[in-house]
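Please keep the sequence and the model at hand while reading.

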Amino acid sequence: MRHLFTLVFALVCLGASSQAQPLTQASCNETGALRSETYTSRITSRDRQYTVYLPPCYAAGSAAYPVLLLLHGSNADDSQWARLGFIDALEAGIRAGSAPQMIVLMPYGGAEANQNRFDTTSYDRIALDFLAQMSIRYRGSGAQAIGGISRGGFWAYQIGLRHADDFVAVGGHSPYFDRAHVAPDHNPLHIAEALAREAYPRLWLDRGTADHAVTGVEQMRVILERVNAPHEYAVYPGGAHSEDSWAQHVGEYLDFYARAFSEPAAPVEPAAASAGVELWLPAVDFGEVMLSLDRTALAALLAGELDKRLVLSESARDRLAAHGVQLHADTEIVGDLRLFNALWLSTGKFTLLPFDDLRMRLRPLWLDDRPAVDQLAGYPLAFDSESPNYDGDKLTRITLSGTTALTRHTLTALDAMGLQQAASGIQSYVRLADFFHITNEAPIAPGCPQLNDAALAGYSSMCMKREHADLFGLLEVDVVDLSGNHIADFGYDSFIDTLDYFAAQGIQAVGGGIDQASARSPLILRQKGSSIAWLACNAIGPAYALANGDPESRLGRRPGAAFCNKAWLQEALPVLASQHDVVLLTLHFREFSGFEPNERHIQDYQAYAEWGADVVVGTAQHQPMSIDLYPTRRGETAFIHYGLGNLFFDQELWGQRRFFMDTLYVYDGQLLTVEIFPGIIDGRARPRLLAGEDRFNFLHFMLAQKSSF
C-alpha cells in the first residue's frame, strides 16, 4: 500500500490534475484522496502550495470533518508527512476503525518558515491565514489540531499555545526549541511558562535518544510540568533527528491526534478548598553547616524573641502574621527574590518557609536531631488551613547509604557486639524512610570467612555469615544494591544464593541479577502517588563480577552486577525519565582516595544527569565525597553526591569512619529536596549520628565549599 501511495503522490506533485486522486482504484468507501493545491496568501500576496488529504467519501457526501494541520521540518516540503507514511497509517486506521476520518492539511512553508521574523509577514500569520482560508474551502467540523516536525514542531507550539482555544491538540515531533533562538514574546518556551489556564489542548512531545533537539524538548517538558499542563511525552531509544526515525513512529503520532478528535480533553480542575495542614519548616542553604534546630529556640522566636540567625522573606512574614505569628520587630526581612542569596551569602542563617516552597538548594533542618515531618503532633508550624500544602500520604522518603561489607574485621566485630548493638546507632533514623537502601558488597557464603575453591578474588575475597545477614532485617532494609565489585567473590552459586535470600526477605534488588537483563532492569517504586525509576551499575569491574549474556565472552554467560555501559545508560535514562517522575542512579565508580571528585567523576556523573537522572550517587567510595547541585540544560537541578562513604566496614582512618546517608524527599511526583545524615562508625560495626563539635567540623569540612551549590 505504501509504495502505491508514494507513486500516486509523486505523480500528483509533478502536475497531475488537481482533482481528488484516489489512493487506489477502489470506491470511495475504501480510500481517501490526495491533492496538491495552491491558494493565494493574504499575508504574502502570492500563491502558495499545499497538500491536502480528504477522507473516504468526502466528494460524495456532505459531512464535516475535524482538520489536522501538519507542518514540515526545515529543508523539507509539503510532501514530508505523506512520505513518512502518515497518510498510509491514517488510511489503515480509518479502515480498522481506530482513527476517525479527518482532513489533513500540509502547507509548504517556504523561506518564511525558516525565518525568525515576527512582523506582518511572519510564518505564524501565514499559517493562521492558510487555516482560515481552508475552513472556507473544505468542510471542517470546527475541531482543529496542529502538529509539526522539527522546525514545524516549533511553529506548531508557537501557534498552538498562543491560540490554545482554537486547537484540541498540539503536537511536537522532535520540535526545535531554544531560548536564545527567538525573542520571548514569540518563543514557545517563554509562551509555555506564561500559560495559566483551566483547560489545555492535548499536548504531545517526542524525541529520540540520539536527537540533537533534546535540550529544547527537555526544557519544554520541564516547563509543562511546572505549569501543570497535562501532556504526553515519548522518548524513543536510538531515535535520531531524521526521517528514518520519524517514519517509525507515525502510528503513535496518529494515535495522539485520533484520540484528540475522538475524546474530549479533560480540563485541569482547580484544587478544591479543603481543611488540611499548612506546614512550615525551618530550612537553610544546602551548604550551611547547621543541621538541627532546638525546639526551645523555635518556640522562643515564635513567641516574639529575637533570633539573629533567622531571615525571612516579606511574603513569609505576612503569611505567618496571618496565622497569628508575631515575630520580633528586628527580625531580618528581605524581598522574596533575595531570600536565597541572603542565605547563601551568610553563615549560620536559617529561614522558615512553607513545605511546598522547598527546593533542591534549600535543605530542611531537623528539630532536636529528628526530622520535623516525623514530629508534627504539637508542632507549632503546622496550621489548620483551607489551602493545605502538606499531606503525609504524598511524601515518599528514600534513604541511601554507602558501602556495607559485613566481612573481615567487621565480621569479628559483629560477633563480639551482636547485631542489635550494631543496628542501634542508626536504626531509629533509617526506619523512618519509606525505602532504606544498603549497598551490599559481600555475598553470603557457606563456611565464611574461610576461603574455598570458588573464591574468585583469592585472598581478597569477601563474604558474610548467613546469621549476620539478619542485620538487614533489624534495619528494615527495603532495597539492596548489588553493583559492588566483590559481590561474586565466592563464586556464582553464592551470589545466586544471596539473591534468593534477599528475595525471600522481601528485600528488592537493583544493579545485580542472574543475568545481564535482570541486572540492568530498573527497580520501579510506585509509592504515595509518585513513580520512581532506579538503576544501579558498576563502572570498573572486575570482569568476573559483571553480569554477561555473551556465551563467547572469556567467562561465558554469568550472573553479577550491571556494567555501566554508557551506550546503554544514554538510551535507558531518558526513556525512564519520560515515563517516571524521578530517576535515580546509584553506581560503583572507580574508588578514589580524595574527598573531592576528579575530572572523570565530574564528567561522567554530570553526563548521567544530562541524560535524565535526577539523582546520581556514588555508593562505593570508602570516604565521603562532596555534593553538587547540578543545573542541567533541561532546566532542572540534579542532586549529585560523588560518594557516601562506608556504612558498615572495617577501615579506620578519619575519612573512612565518617559517612553520609542521604534522604530524598519526593512529594506528589516531585523531588523537592535532600536531607543529609552525617555519621561515624564506632568499633568497626556500629554507625551512628555524629554529634557536637565532631559533627560541626565534619560538616564544615564537607560543605563549606559553597561554590558546589
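**Disulfides**

The model is predicted. Within it, the count comes to 2 disulfides.

| Pair | S to S distance | Angle about the S-S bond | Handedness |
|---|---|---|---|
| Cys 448 and Cys 463 | 1.9 Å | 90° | right-handed |
| Cys 537 and Cys 564 | 2.0 Å | 100° | right-handed |

In the pair of Cys 448 and Cys 463, the sulfur atoms lie 1.9 Å apart, and the link is right-handed, with 90° about the S-S bond. Both partners sit in the loop between β21 (435-440) and α16 (470-474), 15 residues apart, and the pair links distant parts of the chain. Cys 448 is buried, as is Cys 463.

The link of Cys 537 to Cys 564 has an S to S distance of 2.0 Å. This disulfide is right-handed as well, with 100° about its S-S bond. Here the pair again links distant parts of the chain, 27 residues apart: Cys 537 belongs to strand β26 (residues 530-538), while Cys 564 lies in the loop between β27 (560-561) and α19 (566-579).

How accessible are the cysteines of this second link? Cys 537 has a relative accessible area of 0% and therefore counts as buried, as the limit for that class is under 20%. Cys 564 is also buried, because its relative accessible area is 6%. Cys 57, by contrast, has a relative accessible area of 24% and is therefore partly exposed.

**The second largest pocket**

Rolling a probe the size of a water molecule over the atoms shows where empty space is left. The second largest pocket has a volume of about 300 Å³. Its lining consists of 13 residues, and those nearest the centre are Glu 225, Ala 229, Pro 230, His 231 and Glu 232.

Which element supplies the largest share of the lining of the second largest pocket? That element is α7, with 3 residues. Sorted by class, the lining of the second largest pocket holds 6 nonpolar, 4 polar and 3 charged residues.

Notes:
Residues numbered from 1 in each chain as written. Predicted model: local features only at pLDDT ≥ 70, side-chain atom pairs only at ≥ 80, totals over all residues. Heavy atoms only, no water. Disulfide = S-S within 2.5 Å. Helix = DSSP H or I, 4+ residues; strand = E, 2+ residues; numbered from the N terminus. Buried < 20%, exposed > 50% of the residue type's maximum accessible area, 1.4 Å probe, protein only. 1 Å grid on protein atoms, 1.4 Å probe; cavity = no way out; pocket = protein on both sides within 12 Å on 5 of 7 lines; lining within 4 Å. Points joined across faces, edges and corners; volume = space filled by probe spheres on them. Nonpolar A, V, L, I, M, F, W, Y, C, P; charged D, E, K, R; others polar.
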